[in-house]
Amino acid sequence: MAQDYDIVIIGGGTGGYVAAIRAAQLGLKTAIVEKGKLGGTCLHKGCIPSKALLRSAEVYHTTKDRAKEFGVLTSDVTLDFSAVQKRKQSIVDQLHQGVQGLMKKGKIDVYEGTARMLGPSIFSPSPGGTVSVEMNNGEENEMLIPKNVVIATGSRPRTLPGLTIDGKFVMTSDEALEMKELPASIIIVGGGVIGIEWASMLNDFGVEVTVIEYADRIIPTEDEAISKEMKKLLEKKGITIVTSAKVLADTLKVENSVAIEAEINGENQTFQAEKMMVSVGRQANIENIGIENTDIMIEKGFIQVSDTYQTKESHIYAIGDVIGGLQLAHVASHEGITAVEHIAGEEVHAMDVEKVARCIYSSPEASSVGITEAQAKERGYNIKTGKFSFKAIGKALVYGESDGFVKIIADKDTNDILGVHMIGPHATDLISEAGLAMVLDATPWEIGSTVHPHPTLSEIMGEAALAVDGKAIHS
């Protein structure tokens with residue numbers, strides 16, 4: 001029997017389940033269709049498990065290699081990677097149970113299966129059409145009749161021609177998360193956010209890491225000063241970083257290892273390691289969901305939407321990685337809330353992506369909000385900048401992590417903050433103050449005038465803001 005809904009959400013990842021919760025709060029009868037597990041990529045294959053591994057790597061590296069700096073003498077420090085993986089999974093399971101509980105609390109119907117939009121039919125002559133669900137348990141297909149549909153099917157790792165993912169020697173981050181044992185060495189193809197996080201993590205676990213990046217610098221979308229500092233600090237840790245490298249040939253299996261050839265400055269060079277991880281971006285999951293039965297527009301592999309996340313069909317919305325842009329969990333959640341509120345007739349405002357914080361959870365951490373110095377110059381701004389080092393922050397010295405800095409870019413004519421970029425201890429936590437400052441149109445003077453408690457890492461925000469006008473106290 002067909003079931004009627006105000007909203008059917010295809011995909012139960014971070015964007016989808018948050019959208020469902022907001023819809024339930026607004027009194028809309030809501031269903032989610034999820035072919036895997038609620039929580040999606042972020043919870044099961046991305047944000048949470050990778051950060052759990054990063055934390056274990058940090059603890060291991062600190063205990064094994066740095067404890068003596070803190071006056072703590074250790075001996076015979078060993079790594080039980082199976083216990084590391086067990087801890088990671090327990091965190092994922094706990095959060096998964098929490099999401100399931102939220103669905104029950106909101107009286108949100110969850111269908112475990114694969115959804116396909118069929119368009120208007122005898123079951124549903126209305127524009128909302130029908131969504132058919134092929135159930136995972138093999139039972140008869142469920143037919144859902146929604147007034148509105150939200151597509152939140154997420155994305156999956158891309159690969160490159162010739163780099164066939166076999167899950168054993170050549171992996172994406174998905175397969176790497178399930179490794180039973182750590183390799184002695186690894187090549188990471190791609191020096192973007194995910195590649196750098198994995199490089200840092202595996203290095204801290206004691207793996208020999210080589211990063212091969214096509215662009216002329218790692219994390220090329222970040223401010224150049226951040227890229228340079230990250231490269232310097234990762235190389236200091238022992239990571240080999242190769243930039244301006246074009247992968248040329250298929251992966252070669254060489255006695256239980258892999259080899260790859262890349263062109264660097266006109267010369268070919270071969271790299272060999274026990275394993276390889278390909279981290280060259282993500283592609284939208286738009287196949288087999290019935291898009292061909294709609295008028296939805298696809299461009300460069302992503303669903304095209306308006307500022308309110310409507311597709312060309314006004315009753316169908318799309319959010320998250322499937323629409324491109326900033327492929328971040330917190331962005332998907334915000335998009336889901338906006339889409340649902342628009343469906344409910346609430347007043348909504350377009351998200352300004354340049355006021356969304358971006359984070360890299362490597363060691364050192366890095367984060368940013370706003371535009372880079374190069375972008376500011378390209379747009380014709382008359383800029384002024386302030387930069388302040390963690391080496392002058394007492395809490396950073398106490399913490400034992402004093403590398404890095406905060407850089408603030410402001411418009412010299414209006415005093416508006418254009419961008420904030422940081423690398424160093426807890427940068428992913430510190431960036432929220434900068435994000436709020438940009439949302440509230442705060443000036444560097446206002447940040448600098450805020451009394452930051454001492455000793456804290458947050459003091460660096462006040463000092464960097466004062467440095468914009470040459471007034472930093474401890475510089």
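## Basis of the values

Residues are numbered from 1 along each chain as its sequence is written, and side-chain values use heavy atoms, with hydrogens and water left out. Because the model is predicted, local features need pLDDT of at least 70 and side-chain atom pairs count only at pLDDT 80 or more, while totals for chains, interfaces and linings use all residues.

## Nonpolar cores

A nonpolar core is a set of buried Ala, Val, Leu, Ile, Met, Phe, Trp, Tyr and Cys residues joined through side-chain atoms within 4.5 Å. Buried means under 20% relative accessible area, exposed over 50%, and partly exposed in between (1.4 Å probe, protein chains only). The largest nonpolar core has 48 residues, of which Met 117, Ile 151 and Ile 303 touch the most other members. Another core, of 34 residues, lies apart from it and includes Phe 81, Leu 177, Ile 188 and Ile 241.

Contact means heavy atoms within 4.5 Å. Leaving aside neighbours within four places in sequence, the contacts of Ile 303 include Ile 151, Ile 286, Met 297, Thr 311 and Val 322.

## Helices and their surroundings

Helices (H or I, at least four residues) and strands (E, at least two) are DSSP runs, numbered from the N terminus. Helix H13 (residues 459-467) is largely enclosed by the rest of the structure, because nine of its nine residues are buried. Its cover includes strands S22 (383-389), S23 (405-411) and S24 (417-424), together with H11 and helix H12 (444-449).

Leu 233 belongs to helix H7 (residues 224-236) and is buried, at 6% relative accessible area. Leaving aside neighbours within four places in sequence, Leu 233 is in contact with Pro 364, Asp 403 and Ile 423. Ser 363 is 130 residues from Leu 233 in sequence, yet their C-alpha atoms are 8.7 Å apart. Ser 363 is also in contact with Asp 204, a residue of helix H6 (residues 193-204). Asp 204 is buried too, with 5% relative accessibility.

## The disulfide

A disulfide is counted where a pair of cysteine sulfur atoms lies within 2.5 Å. The structure holds one, which joins Cys 42 to Cys 47 with an S to S distance of 2.4 Å. The torsion about the S-S bond of Cys 42 and Cys 47 is about -130°, so the disulfide is left-handed. Cys 42 is buried at 16% relative accessibility, whereas Cys 47 is partly exposed at 29%. Cys 359 is in no disulfide, and the nearest cysteine sulfur, that of Cys 47, is 11 Å away.

## Salt bridges

A salt bridge is a side-chain nitrogen of Lys or Arg within 4 Å of a carboxyl oxygen of Asp or Glu. The count comes to 23. One of them pairs Arg 66 with Glu 401, with the closest N and O atoms 2.6 Å apart. Arg 66 lies in helix H3 (residues 47-66) and Glu 401 in the loop between helix H10 (394-399) and S23, so the pair ties together parts that are 335 residues apart in sequence. Arg 66 is buried at 13% relative accessibility, while Glu 401 is partly exposed at 29%.

Another salt bridge joins the side chains of Arg 358 and Glu 222 (3.7 Å, N to O). Arg 358 is in strand S20 (residues 358-360) and Glu 222 in the loop between strand S9 (208-212) and H7, which places them 136 residues apart. Both are buried, Arg 358 at 17% relative accessibility and Glu 222 at 6%. Salt bridges that share partners also join Asp 223, Glu 373, Lys 377 and Lys 407 into one network.
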